[in-house]
Amino acid sequence: MSPDDFSEKISKISEGIEPMMLDINNKSEVVQLNEAINTIDLNGNPLEELTVVKATLSDTIASKQLAILNKQIKAGTYDSNDSFGEEWDKKGKLKPMIATEYVLGDGKHTVNKEIREFEVRPKYLEIELKVKNLTEKTINYSPYIQLRRLAKQGDFYTDLPTDTTYIHKIPSDPFNTFYYLETPAYPLPTTVGKVVDHIVEEEVDAHPILPGETATFTVNYILANIEYSNLFLNLNAYSPGDRYIQITQ
């Protein structure tokens with residue numbers, strides 16, 4: 001895919017979609033650190049109670065997570081597609097990288113235009129998450145939660161579309177010549193996995209939680225963006241409604 005495909009990609013995503021509006025004062029929609037929020041099933045029954053008790057942004061990948069990444073690279077199971085093309089030194093300190101901003105054309109009458117290049121400093125985000133099982137059955141929980149960056153408008157948070165996009169170019173990579181920086185963050189792996197017949201087999205990383213019990217998880221992300229304000233965990237992948245936990249102000 002070339003940068004000229006940006007406008008078509010973005011227009012298909014945003015066409016006819018109303019922006020989401022989260023009420024800042026509605027605790028059933030958005031909560032802060034150390035505040036609990038519940039998810040529900042399709043019938044409105046409670047599923048889990050989630051609470052983020054700690055969130056830490058750093059320039060350096062934690063040693064435990066760095067060891068997993070290094071083992072994946074050595075085993076050949078590291079998937080560079082789930083990244084921004086970021087690099088780090090031996091101690092896990094993330095290296096700065098250059099991003100290019102484009103104004104999006106419509107793909108027919110106007111083309112994408114490069115505006116500027118600037119330095120982005122990737123971040124490592126570590127989140128301590130508590131999950132309580134509100135159902136009457138044991139659940140197998142995998143703490144892979146999407147991270148989103150929203151914009152504040154008065155008493156609401158919204159995901160208003162933008163007419164620009166950002167990429168990180170890597171001309172030396174024959175398979176991925178550039179990476180999109182549209183995704184706010186990528187979750188980092190918690191297992192190493194193995195390669196069988198040229199196919200990567202990931203190890204299952206689901207944790208059973210008994211009815212009424214609470215489990216604590218550590219969730220890790222790599223971020224690469226212009227800024228790191230107004231980051232939210234999006235709890236709506238498997239649950240109806242709009243439910244978010246704000247990670248950064």
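Figure 1. Thr164 counts as buried because its relative accessibility is 13%, and buried means under 20% relative accessible area. The model shown here and in the other views is predicted. Thr164 belongs to strand β12, which covers residues 164-169. The side chain of Thr164 makes a polar contact of 3.3 Å with the side chain of Glu101. When neighbours within four places in sequence are left aside, the residues in contact with Thr164 are Glu101, Tyr102, Val103, Leu104 and Ile115.

**Figure 2. An open sheet of five strands.** The strands follow one another in the order β3-β4-β7-β18-β14, and their pairing is antiparallel. At the edges are β3 (37-40) and β14 (185-187), each of which pairs on one side only. From one strand to the next, the twist averages 35°.

**Figure 3. The pairing of β14 with β18.** Strand β18 spans residues 214-223 and runs antiparallel to β14, to which three bridges join it. Pro187 has Tyr221 of β18 as its bridge partner.

**Figure 4. The second largest pocket.** This pocket has a volume of about 840 Å³. Its lining consists of 37 residues, and those closest to the centre are Ser142, Tyr144, Ile145, Pro187 and Tyr238. Several elements each supply at least two residues of the lining: β4 (46-58), α2 (63-75), β8 (139-141), β14 and β16 (199-201). Of these, β4 and β14 are also strands of the open sheet.

**Figure 5. Asn34, an exposed loop residue with positive phi.** Asn34 is located in the loop between β2 (30-31) and β3. Its phi is near 65°, a positive value in a residue other than glycine. Asn34 is exposed because its relative accessible area is 53%, and the cut-off for exposed is over 50%.

**Figure 6. Asn230, a buried loop residue with positive phi.** The loop between β18 and β19 (231-234) contains Asn230. Phi of Asn230 is near 50°, again a positive value in a residue other than glycine. Is Asn230 buried or exposed? With a relative accessible area of 14%, Asn230 is buried, because the cut-off for buried is under 20%.

Terms used
Residues are numbered from 1 along each chain as its sequence is written. This is a predicted model: local features need pLDDT of at least 70, side-chain atom pairs count only at pLDDT 80 or more; totals for chains, interfaces and linings use all residues. Side-chain values use heavy atoms; hydrogens and water are left out. Helices (H or I, at least four residues) and strands (E, at least two) are DSSP runs, numbered from the N terminus. Buried means under 20% relative accessible area, exposed over 50%, partly exposed in between (1.4 Å probe, protein chains only). A polar contact is a pair of N or O atoms within 3.5 Å; within protein, one must be able to donate a hydrogen and the other to accept it, and residues adjacent in sequence count only if both atoms are side-chain atoms. Contact means heavy atoms within 4.5 Å. Two strands pair if DSSP finds at least two bridges between them. Axes are lines fitted to C-alpha atoms, for helices over the stretch in contact, and angles run from 0 to 180 degrees between N-to-C directions. On a 1 Å grid over the protein atoms alone, a cavity is a set of points where a 1.4 Å probe fits but cannot get out, and a pocket is an open set with protein on both sides within 12 Å along at least five of seven lines; lining residues have an atom within 4 Å of a point. Grid points are joined across faces, edges and corners, and a volume is the space filled by probe spheres set on the points.
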